[in-house]
Amino acid sequence: MVLGNYKSVVAARSTDNEILKGAQDGGIVTQLFAYALEEGIIDGAIVAGPSDEPWKPEPVIATSKAELLAARGTRYTLSPNISLLKEATRSYGLDRIGIVGTPCQMQAVRKAQLYPIGMRDVPDKIALAVGIFCMENFPYQGLEAMVEDHCNVKLESVKKLDIGKGKFWAYTERGAVAQIPLKVTHKYEQPGCHVCLDYVSNLADVSTGSVGAPDGWSTVFVRTKNGENAWSKAIGAGCFETKPIEEVKPGLDLVKKLATDKITKNQKTLDERATFGVGKGLRNPYL
Amino acid sequence: MSKVVEISPTTRHEGHTKLVLKINDEGIVERGDWLSLTPVRGIEKLAVGKSMHQVPKIASRVCGICPIAHTLAATEAMEASVGCYVPEDAMLLRYILQCANRLHSHALHNILSLPDMYLPGTDTKINPFTPEEPVRSVALRIQKLREVGQTVGEIVGGEAIHPSNPRVGGMYKNITPRAREKIYDLAKEALPLARDHMEFMISVFKNFQNRDTVEVGGMEVPVPDTFGFHNQGYMATAPVYGSSSLDDDPTWFPERWTEVRPWDWYMGETEIDYDEPNYPIGGTTPAGNKAWPQMEACMGVPLYDGQPVEVGPRARMVQYRNFDLKGAMGLQIARQMEYMDCIYGMMEAADALNTSGKVLADEIPQGDGTLGWAANEAPRGSDVHLVKVKDGRVRWYSLLVPTTWNFPTCSRALEGAPWQLAEVIVRAYDPCVSCATHMLVVNEDKRIVAQKLIE
Ligand SMILES: Cc1cc2nc3c(=O)[nH]c(=O)nc-3n(C[C@H](O)[C@H](O)[C@H](O)COP(=O)(O)OP(=O)(O)OC[C@H]3O[C@@H](n4cnc5c(N)ncnc54)[C@H](O)[C@@H]3O)c2cc1C
Ligand code: SF4
């Protein structure tokens with residue numbers, strides 16, 4: 001169950017070179033939203049758009065392919081996408097919302113649908129929730145320290161950031177590559193991530209990440225009826241190239257291993273909270 | 001020999017009130033006291049010292065049916081006090097919000113009024129919850145109109161109940177072209193429904209007034225020709241929106257307003273010596289109980305030119321449209337006639353709106369303690385907020401809400417009606433009693449006389 005419920009899982013990438021150029025992995029998120037927008041499955045998508053500061057995302061409501069393209073790539077810092085969830089149904093006038101986010105953000109979306117506290121008119125307007133895999137996240141200052149101090153690279157000059165093969169990587173516009181071991185980054189993780197028990201966005205309609213698939217490709221779980229509907233239509237329209245997950249390396253076994261590691265480690269943190277103090281503990285949101 | 005009967009609580013309106021009625025041998029009201037029993041919440045008092053940005057959000061919570069009125073009146077009173085002029089596109093958004101709220105509120109009130117009424121040409125009373133036609137279609141139409149009102153309110157106001165978008169200086173956000181189109185589509189969908197509905201409701205109210213008798217709890221009760229008539233004046237500040245002390249030609253005048261205590265206006269202690277166990281549902285207050293309106297009334301009695309006045313849809317129609325129907329049903333009919341204004345109003349304002357225009361004033365002064373006021377024509381009438389803001393904080397605050405104006409006027413309108421129909425008159429005013437339960441009472445010299453109540 002560490003991978004959640006799903007109907008199918010494949011390795012995939014977009015067939016649109018323009019999307020692939022700036023995408024983090026297989027351009028799944030950007031391609032799926034672009035298709036859904038075109039088909040009217042959604043009428044806007046909440047994505048992590050660019051802001052005034054380099055690599056600091058700002059949630060935006062994209063209603064065009066150009067806006068989706070501008071939001072490509074992973075920003076390893078918080079992007080409070082849910083902050084636009086209600087507003088999307090208000091001044092933006094959306095009826096069918098697409099939203100991308102980390103597993104915790106997918107949880108927020110589902111919770112708002114089932115327990116809409118101050119979330120009037122949100123529950124029935126979520127049309128496509130695309131989750132990304134997430135091991136942990138960093139506050140912006142943490143990211144700054146990792147890139148500028150440890151990798152010794154100016155954030156402004158970074159073209160892509162990535163976590164993979166046990167390392168944190170920064171690629172610059174001018175072609176330099178810097179990397180640091182992940183153990184250096186641990187102290188910069190946001191503490192809230194240490195009680196997170198979801199790696200592959202179990203609650204999304206479709207979830208995707210890099211782990212399991214070769215470079216330039218993504219691992220994709222199709223989870224819900226809603227997700228399957230959008231995904232199969234997009235496949236039919238030729239949006240994606242796919243391969244059975246069994247035929248790619250490293251494949252699902254690695255995804256499962258990493259998911260198990262995350263959950264085991266964080267469950268332990270959670271358990272320790274119960275006896276954190278002398279004769280009293282810290283709150284457990286899962287109880 | 002007159003007797004006293006009491007209906008407590010009254011039903012099918014917002015809030016908590018009762019009727020203490022002195023009646024003659026025929027059961028006709030000689031003197032009626034309609035009073036609020038809703039506990040005082042003291043918004044005016046607790047606003048003092050808080051920021052001008054927070055107080056309108058608190059004032060909104062006075063009422064969940066017309067929160068738009070309190071939000072806008074409070075925000076605009078702050079703006080009037082500090083002298084802040086709001087950009088035009090912000091005003092257009094507020095105007096749309098106003099129309100949307102009135103649409104929903106009037107439609108909601110239909111549900112409350114219909115059970116007193118008959119299907120025209122029959123002796124069948126209307127139960128809005130019946131699955132049978134033609135009432136079922138009427139109920140669905142009402143729900144649709146409310147849905148349109150609330151959805152449009154949500155788009156421009158950020159929230160249908162307690163709008164989040166208005167702020168001192170304008171609005172937090174303009175809307176997108178898509179949102180504007182959605183408003184337009186919803187309004188166009190509602191337009192024919194509203195027209196049919198208005199005509200249906202007017203025929204229902206006319207039919208009531210034309211009946212010789214109606215049935216209440218098994219009693220046949222005559223409907224007088226002058227049912228719900230009164231000789232008080234009217235007060236309205238605009239056909240749709242309102243006015244404020246920033247206007248070149250304001251349409252409300254603070255110097256004409258005074259307020260008296262319930263003590264000066266309501267009956268003293270009296271014993272209930274008539275009861276009717278068949279009055280639906282649960283009977284009237286048993287004989288032998290005591291009532292003391294002077295002491296029990298939880299509100300002040302505001303006067304305009306020294307008199308109680310009527311506010312609301314008819315007051316607006318009388319002042320701006322030469323409307324001349326009197327009585328309880330005249331008031332109901334005037335309300336239905338406002339449906340079309342709501343819908344055309346939101347369409348026209350949406351047309352005029354520039355969705356990329358700015359919606360926040362460049363400068364928001366912090367205020368020097370000048371008195372500012374704003375009147376918003378709430379669904380139930382003029383909602384006037386008065387405030388003094390200094391250094392961004394509220395120093396003094398007072399609300400004169402529609403139902404407060406209407407309490408004494410409606411009380412007079414009860415005279416001459418069979419007591420069993422007193423509630424039908426009350427409902428014609430669409431009372432909103434949590435709105436009306438207000439907190440500072442000032443006398444002719446504007447001195448606070450009933451502050452003790454809330455300390
Ligand atoms: C903090 C974080 C940790 C991650 N950890 C892992 C991991 O351990 N293993 C793994 O396989 N994958 C991880 N990913 C996911 C991976 O990096 C890619 O985001 C994912 O594969 C999608 O790539 P794509 O080419 O399909 O998307 P693209 O087409 O490039 O689009 C990426 C989308 O993600 C959105 N986005 C970017 N940053 C954020 C953010 N901070 N918060 C919310 N949304 C954002 C963008 O708006 C864009 O729409 C992580 C992502 C994040 C943000
Ligand atoms: S690790 Fe969990 S809590 Fe932290 S960002 Fe990722 S999904 Fe959210």
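This report describes cysteines, a ligand shell and aromatic contacts in a predicted model.

**Cysteines**

Across all chains of the structure, the search for disulfides returns 0. Cys63(B) illustrates this result: the closest cysteine sulfur to its own belongs to Cys432(B), at 3.2 Å. Because a disulfide requires sulfur atoms within 2.5 Å, that separation is too far for a bond. Cys63(B) is also buried, with a relative accessibility of 2%. In chain A, Cys239(A) is likewise counted as buried, at 8% relative accessibility.

**The shell of ligand 2**

The residues around ligand 2 come from chain A and include the cysteines Cys104(A), Cys134(A), Cys193(A) and Cys196(A). Also among them are Thr102(A), Pro103(A), Met135(A), Asn137(A) and Gln190(A). Glu136(A) and Lys262(A) complete the list. By residue class, the shell divides into 6 nonpolar, 3 polar and 2 charged residues.

**Aromatic pairs**

A pair of aromatic rings is described by the distance of the centres and the angle of the planes. The count over all chains comes to 16 aromatic pairs. In one of these, formed by Phe133(A) and Tyr199(A), the ring centres are 5.9 Å apart and the planes meet at 45 degrees, so the pair is tilted. This pair links distant parts of the chain, its members being 66 residues apart. Phe133(A) lies in the loop between strand E5 (126-132) and helix H6 (140-150) of chain A, while Tyr199(A) lies in the loop between helix H7 (182-185) and strand E9 (206-209) of chain A.

A stacked arrangement is found for Trp169(A) and Tyr171(A), with 6.3 Å from centre to centre and 10 degrees between the planes. Tyr171(A) is partly exposed, at a relative accessible area of 27%.

Phe133(A) and Tyr199(A) also take part in one aromatic cluster together with Tyr6(A) and Phe221(A).

**Charges over rings**

The table lists two contacts between a charged side chain and an aromatic ring, one from chain A and one from chain B.

| Charged residue | Aromatic residue | Distance to ring centre |
|---|---|---|
| Lys243(A) | Trp217(A) | 4.4 Å |
| Arg211(B) | Tyr118(B) | 3.6 Å |

In chain A, Lys243(A) lies over the face of Trp217(A). In chain B, the charged end of Arg211(B) sits over the ring of Tyr118(B).

Definitions and conventions:
Residues numbered from 1 in each chain as written. Chains lettered and ligands numbered in written order. Predicted model: local features only at pLDDT ≥ 70, side-chain atom pairs only at ≥ 80, totals over all residues. Heavy atoms only, no water. Buried < 20%, exposed > 50% of the residue type's maximum accessible area, 1.4 Å probe, protein only. Near = heavy atom within 4 Å. Nonpolar A, V, L, I, M, F, W, Y, C, P; charged D, E, K, R; others polar. Phe/Tyr/Trp six-rings, centres within 6.5 Å; stacked < 30°, edge-to-face > 60°. Helix = DSSP H or I, 4+ residues; strand = E, 2+ residues; numbered from the N terminus. Lys NZ or Arg CZ within 6 Å of the ring centre and 35° of its normal.
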